[in-house]
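I opened the notebook to look up the ligand site, the backbone and the ring pairs. My entries follow.

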Amino acid sequence: MQPPVAFPFDHDRWVKPIALPVGQPGGSATAFNLPQRMVLPYITAPAALTSLEIRMKLYFFQQSRATRIRWMLEELGVPYELALVDMMKGEHKHPDYLKVHPMGSLPAIEDNGVNLFESAAILMYLADKYPEKRLAPAVGTPERGEYYQWILFAMTEAEAPLATIAQHTRFLPEVERSPVVIERSSKRFKAVAAVLEARMKGREYIVGNSFTAADVVLGGVLFLASRVGQLGDDLPTLRAYFDRLMARPAAKKGYGG
Ligand SMILES: N[C@@H](CCC(=O)N[C@@H](CS)C(=O)NCC(=O)O)C(=O)O
């Protein structure tokens, strides 16, 4: 493990290094708006890599969808650095971060000059970028069609009501919360979850016979479902699938920090 390097700036305010064993993918945690020259010395990467070879920056906050991207990067074994955006302090609305993500949302990545946001888009991009890892079915195959189908189903049909429930149970001011909206969204999610429960019966993965980025997308959505109390005992197959996904070392890294 590399020891942190002392810097001539307010270390506690801006930099929270995440120590990673040498030889493991992963990288430093730095504030998003630090000049690059200050960021590079923090990188803890496989011994064979120099810091200059790390090109993947993930804008990260532990309680956000950025965890799914970290999970994916860990699955891929791609070296990366974390640029911490403290949402509790409102750093995601900082003008510097708005240049990265025009909505001021997480996650976003910078990959060797390519700036991307939208978690599912990032996951699909990463799966395609490293075809040798086989985390996406080949283009033009039936499995590829199903891959798109389940990713979009997860993001639009499943995550939308869950995000609404999260807003009305956690994030909105009390006066703006609506039990009616929560009830309606919960009903909608139940219908969606029933489809997923039926799909997963007798299956290990959501698409084909192997783990793909679609499992990361769905795993991330089910993580949200579990957090807002929507992954109940009435969904035993889905819960077992979720548990299997969360037991993966890469997922533990993404969600455990
Ligand atoms: N559809 C987007 C949703 C992004 C999103 O809403 N992220 C949350 C954190 S998980 C956020 O940044 N919320 C604060 C905001 O958008 O102002 C994605 O999947 O990337």
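**Backbone entries**

I looked up Pro107 and found its place in the loop between α4 (95-98) and β4 (108-111). Helices (H or I, at least four residues) and strands (E, at least two) are DSSP runs, numbered from the N terminus. I am reading a predicted model, where local features need pLDDT of at least 70, side-chain atom pairs count only at pLDDT 80 or more, and totals for chains, interfaces and linings use all residues. Residues are numbered from 1 along each chain as its sequence is written, and side-chain values use heavy atoms, with hydrogens and water left out.

The peptide bond from Leu106 to Pro107 is cis, with omega near 5°. Glu118 is not a glycine, yet has a positive phi of about 80°. I place Glu118 in the loop between β5 (114-117) and α5 (119-129). I noted both since most residues other than glycine have a negative phi, and most peptide bonds are trans.

**Ligand entries**

Which residues surround the ligand? I listed Ser64, Arg65, Met87, His92, Lys93, Gly104, Ser105, Leu106, Pro107, Glu118, Ser119 and Met155 (a heavy atom within 4 Å).

I then looked up polar contacts (pairs of N or O atoms within 3.5 Å). A ligand oxygen is 2.6 Å from an N or O atom in the side chain of Lys93. A ligand oxygen is also 2.6 Å from a side-chain N or O atom of Ser119. A ligand nitrogen is 2.8 Å from a polar backbone atom of Leu106. The protein covers 72% of the 510 Å² of accessible area that the ligand has on its own (Shrake-Rupley method, 1.4 Å probe).

**Aromatic entries**

I counted seven aromatic pairs (ring centres of Phe, Tyr and Trp, its six-membered ring, within 6.5 Å; planes under 30 degrees apart are stacked, over 60 edge-to-face, the rest tilted). Trp71 and Phe211 form a tilted pair, 6.2 Å centre to centre with 40° between the planes. This pair links distant parts of the chain, 140 residues apart. Trp71 is in helix α3 (residues 66-76), and Phe211 is in the loop between α7 (179-200) and α8 (213-227).

Notes. A polar contact is a pair of N or O atoms within 3.5 Å; within protein, one must be able to donate a hydrogen and the other to accept it, and residues adjacent in sequence count only if both atoms are side-chain atoms.
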